[in-house]
Amino acid sequence: MTWLLETVWVLIGLPLVVLTWRRFPLTNLLCCLLAAHALVLAVGGHYTYAQVPLGDWVRDWFGLDRNPYDRFGHLMQGFVPAVLVRELLSRTSPLRGSRWLAPLTVCACLAFSATFELFEWAAAVIGGHAADDFLATQGDVWDTQWDMFCALIGATLSVLLLSRPHDRQLNAAAGGATPAARD
């Protein structure tokens, strides 16, 4: 059950991308990021986030109190969806080229992160101690806040680092037209 809860996004997202590909093909950047995110989710689902061996190695190497793979997963929960949200908004709304695109992208990622934390809370209420592997709090009373902060950092970094290359791919896919030229 933990594996299913951890990987449900891949199980929903992959068929959705395949089914909509002809009408709505994604940029190469987004496809690569989605594949990387799917790998992070699959590894977290396989081991549970608190027990991923790579995270144990990082914890031991840096003398951390907890396995940081969960934090990395939440960083990715902001980083990758930021490009997805940005692409959807750029291609389906008048926000392309707008100064509102970046902050709304980050806000959407934070909204998703908060929704996911509510989902985790519901799992804890329903499952009790059986949900501990899914929650991966590792005894941290601030885990929820850290998770959302990591998503915020990931989304912000994504917008700052990937907006220009993402715009180039979006422009190439649109035949090189700028937002003003298309209108």
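A charge is taken to sit over a ring if NZ of Lys or CZ of Arg is within 6 Å of the ring centre and within 35 degrees of the ring normal.

**Figure 1. Arg-91 over the ring of Phe-24.** The model is predicted, so local features need pLDDT of at least 70 and side-chain atom pairs count only at pLDDT 80 or more, whereas totals for chains, interfaces and linings use all residues. Side-chain values use heavy atoms, without hydrogens and water, and residues are numbered from 1 along each chain as its sequence is written. Arg-91 lies over the face of Phe-24, at 3.7 Å from the ring centre.

**Figure 2. The tilted aromatic pair of Tyr-49 and Tyr-69.** Rings of Phe, Tyr and Trp (its six-membered ring) pair if their centres lie within 6.5 Å; planes under 30 degrees apart count as stacked, over 60 as edge-to-face and the rest as tilted. The count by this rule is 7 aromatic pairs. In one of them, Tyr-49 and Tyr-69 are 5.6 Å apart, centre to centre, with 35° between the planes. Tyr-49 lies in the loop between α2 (28-47) and α3 (53-62) and Tyr-69 in helix α4 (residues 69-92), so the pair ties together parts 20 residues apart in sequence. Helices (H or I, at least four residues) are DSSP runs, numbered from the N terminus.

**Figure 3. The stacked pair of Trp-57 and Trp-61.** The ring centres of Trp-57 and Trp-61 are 5.6 Å apart and the planes stand at 20°, so the pair is stacked. Both residues lie in helix α3, 4 residues apart, about one turn of the helix.

**Figure 4. An aromatic cluster.** Trp-9, Phe-112, Phe-116 and Phe-119 together form one aromatic cluster.

How values were computed
Helix = DSSP H or I, 4+ residues; strand = E, 2+ residues; numbered from the N terminus.
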